[in-house]
Amino acid sequence: MTQINRPVRPRRRRARVLSSLTAASTLLLAVAGCGSDGNSAAPHSSSSAKRPAAKPAPTWRTDPASIAALGDSITVGFDACTVLSDCPQVSWATGTDPKVDSLARRLVANPATHSWNYARTGALMSDLPDQVAAAAVRKPELVTVLIGANDACRGNVRAMTPQAVFRAQFEAAMKKLRRTLPRTQVYVAAVPDLRRLWSEGRKNPLGKQVWKLGICGSMLRAPDDLTEKAEQRRERVRKRVMAYNAALKNVCRKDALCRFDGAVFDYPFTDRQLSTWDWFHPSVRGQRELAALAFRTITTR
């Protein structure tokens, strides 16, 4: 039989066209609803979502209402009044003696009730966390730190605290402080130049006799020995102090409410600012100079 070719019905052709248009429309809608990462974007997500406002940077206040002092013998006025004794009333940080005009007297309205001294003679950097814990109970608005001389003032240079250990201990103390006192300001004074103190104090015969009792042996031992070996020993101590100060500065600069004062190391102390009992620790005049340096740094805007 002869095969007869039948024409394609128009109805079927229209159905195929409509099916293609429907598929294309679906594809366009899917593309329009995708984000740049291929996931479906929530309606109005780009316009309605709001990022949380950034917190303003902490502002340094030049008029703290309370002070807690941390540190070593310098901050408790050791040998400033009587031999081998603390004299906190002349402390540069919290002293009450008007001759010193301490930081507390200059800044705090009621220093007798709003300033506290937790420094201890002989304290090392490793003791700072315990002092922080004691001060935290008072919730001071300002904490002062002057510590590190004893880490260099050892019986010999080999016993000095290594720089890395010193830094790690200071970092630990600052972290502890921030956990308990997140808004407290911190003033960190540089460790004084011990070689400068040696060069001034050795001019006094009485002072050199007191040094024999064991004060800062790494620097003050055999004060009149000017041989190359002795000078190298003193220079090692000085460089270790400089390394300590670099660590204090670097750790402090990471904290928006911490100020480091390098002027304490640079200050040209003379025998007039040294104790007349040991010719090494600050005298009343020396304490006054420390108070003035701290006040300048704290009140600078």
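How many helices and strands make up the secondary structure of the protein? There are 13 helices and 5 strands, taken as DSSP runs numbered from the N terminus (helices: H or I, at least four residues; strands: E, at least two). This is a predicted model, in which local features need pLDDT of at least 70 and side-chain atom pairs count only at pLDDT 80 or more, while totals for chains, interfaces and linings use all residues. Residues are numbered from 1 along each chain as its sequence is written, and side-chain values use heavy atoms, with hydrogens and water left out.

**View 1. The buried side of helix H5.** Helix H5 covers residues 128-136, and Leu-128, Pro-129, Gln-131, Val-132, Ala-135 and Ala-136 are buried there. Buried means under 20% relative accessible area, exposed means over 50%, and partly exposed lies in between (1.4 Å probe, protein chains only). These residues are on the same side of H5 because they cover an arc of only 160 degrees around the axis; the arc is that of the directions from the helix axis to the C-beta atoms. They pack against strand S1 (67-71), strand S3 (142-146) and helix H7 (163-180).

**View 2. Gln-273 in its loop.** Gln-273 lies between helix H12 (263-266) and helix H13 (284-299). With a relative accessible area of 11%, Gln-273 is buried. Among the residues it touches are Tyr-267, His-281, Arg-285 and Glu-289, where contact means heavy atoms within 4.5 Å. A polar atom of the Gln-273 side chain lies 2.9 Å from the backbone nitrogen of Thr-270.

**View 3. Salt bridge between Glu-235 and Arg-195.** The closest N and O atoms of this pair are 3.8 Å apart; a salt bridge is a side-chain nitrogen of Lys or Arg within 4 Å of a carboxyl oxygen of Asp or Glu. Glu-235 lies in helix H11 (residues 228-252) and Arg-195 in helix H8 (residues 194-201), so the pair ties together parts that are 40 residues apart in sequence.

**View 4. Salt bridge between Asp-224 and Lys-208.** Here the N to O distance is 3.0 Å. Asp-224 is in the loop between H10 and H11, and Lys-208 is in helix H9, 16 residues apart. Asp-224 is partly exposed, at 44% relative accessible area, whereas Lys-208 counts as buried at 17%.

**View 5. Leu-213 on the surface.** Leu-213 lies in the loop between helix H9 (205-211) and helix H10 (217-220). Its relative accessibility is 63%, so Leu-213 counts as exposed.

Definitions and conventions: Polar contact = N/O pair within 3.5 Å; in protein donor to acceptor, adjacent residues only side chain to side chain. Lists of a residue's contacts leave out its neighbours within four places in sequence.
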